[in-house]
Amino acid sequence: MTELTIELNPASEVVERAIVHGLRFYNERVVGPPNPKPFAIFVRNEHGEAIGGLDGQLRWGWLYVNLLWLPEERRGRGLGARLMVAAESWAVEQGCTGSYLETFAFQALPFYERLGYQIYGTLEGFPAGSRRYSLCKVLPVPLPASTA
């Protein structure tokens with residue numbers, strides 16, 4: 001008999017062994033390894049302390065922007081756009097062809113749209129009374145180096 005159990009706060013090693021390992025093996029067999037490259041770009045204050053920034057990862061030739069955060073007093077000055085441009089430029093240098101991210105309706109949808117991101121999915125009522133957007137952007141292909 002096969003039994004199903006719901007477990008709160010499952011042990012990470014059990015999740016890794018029972019689920020992650022199998023899915024990772026299957027995915028890599030079908031499309032190759034994701035070659036993940038986690039990275040962060042930090043905004044530092046005058047004392048060198050990290051006060052915000054961007055957390056992301058490169059995988060399967062795409063940039064994934066996991067989190068972007070700036071303190072309110074640093075917003076509206078182009079710093080968020082600089083973070084995104086820096087991440088996208090670095091991703092292109094690493095061979096990435098696209099970028100994707102998620103944001104809530106109460107967060108930064110207009111910001112990302114101004115940067116050229118397009119909605120490819122919406123979850124209505126997530127969280128209740130709001131919605132979550134999935135966005136993507138095709139990154140520019142770098143020009144080949146001149147041989148002259």
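The side chain of asparagine 45 reaches the backbone nitrogen of histidine 47 at 2.8 Å. That side chain also makes a polar contact of 2.7 Å with the side chain of glutamate 49. These values come from a predicted model.

Asparagine 45 sits in the loop that runs between strand E1 (37–44) and strand E2 (50–59). Its relative accessibility is 14%, so asparagine 45 counts as buried, the limit for that label being under 20%. Apart from neighbours within four places in sequence, asparagine 45 is in contact with Ile51 and Arg74.

## The nonpolar core

The largest nonpolar core has 23 residues, and those touching the most other members are Leu54, Leu63, Met84, Leu101, Tyr112, Tyr117 and Leu135. Two or more residues each are given to this core by E1, E2, strand E3 (62–69), helix H2 (79–93), helix H3 (109–114) and strand E6 (131–138). H2 supplies the largest share, 6 residues.

Methionine 84 is in contact with Leu54, Val65, Leu68, Leu101, Phe111, Tyr112, Leu115 and Tyr117, again leaving aside neighbours within four places in sequence. In soluble globular proteins, nonpolar side chains tend to be buried together.

## Helix H1 and the segment before it

Helix H1 covers residues 12–31 and bends by about 40 degrees at valine 20. The number of buried residues among its 20 is 0, so H1 lies largely in the open. Just after H1 comes glycine 32, with a positive phi of about 90 degrees.

Threonine 2 belongs to the segment before H1. Threonine 2 is exposed, at a relative accessible area of 72%. From threonine 2 to glycine 32 is 30 residues in sequence and 31 Å in space, C-alpha to C-alpha.

## Aromatic rings

The whole structure holds 7 aromatic pairs. In one of them, the ring centres of tyrosine 64 and tyrosine 100 are 4.9 Å apart and the planes stand at 35 degrees, so the pair is tilted. Because tyrosine 64 lies in strand E3 and tyrosine 100 in strand E4 (residues 98–104), the pair ties together parts that are 36 residues apart in sequence. Tyrosine 64 is buried, at 15% relative accessibility. Trp62, Tyr64 and Tyr100 make up one aromatic cluster.

Phenylalanine 104 and phenylalanine 106 form a stacked pair, 5.1 Å centre to centre with 5 degrees between the planes. Phenylalanine 104 is buried at 17% relative accessibility, whereas phenylalanine 106 is exposed, with a relative accessible area of 54%. Elsewhere, arginine 75 lies over the face of tryptophan 69, at 4.5 Å from the ring centre.

Technical notes
Residues are numbered from 1 along each chain as its sequence is written. This is a predicted model: local features need pLDDT of at least 70, side-chain atom pairs count only at pLDDT 80 or more; totals for chains, interfaces and linings use all residues. Side-chain values use heavy atoms; hydrogens and water are left out. Helices (H or I, at least four residues) and strands (E, at least two) are DSSP runs, numbered from the N terminus. Buried means under 20% relative accessible area, exposed over 50%, partly exposed in between (1.4 Å probe, protein chains only). A polar contact is a pair of N or O atoms within 3.5 Å; within protein, one must be able to donate a hydrogen and the other to accept it, and residues adjacent in sequence count only if both atoms are side-chain atoms. Contact means heavy atoms within 4.5 Å. A nonpolar core is a set of buried Ala, Val, Leu, Ile, Met, Phe, Trp, Tyr and Cys residues joined through side-chain atoms within 4.5 Å. The bend at a residue is the angle between axes fitted to the seven residues ending there and the seven starting there. Rings of Phe, Tyr and Trp (its six-membered ring) pair if their centres lie within 6.5 Å; planes under 30 degrees apart count as stacked, over 60 as edge-to-face and the rest as tilted. A charge sits over a ring if NZ of Lys or CZ of Arg is within 6 Å of the ring centre and within 35 degrees of the ring normal.
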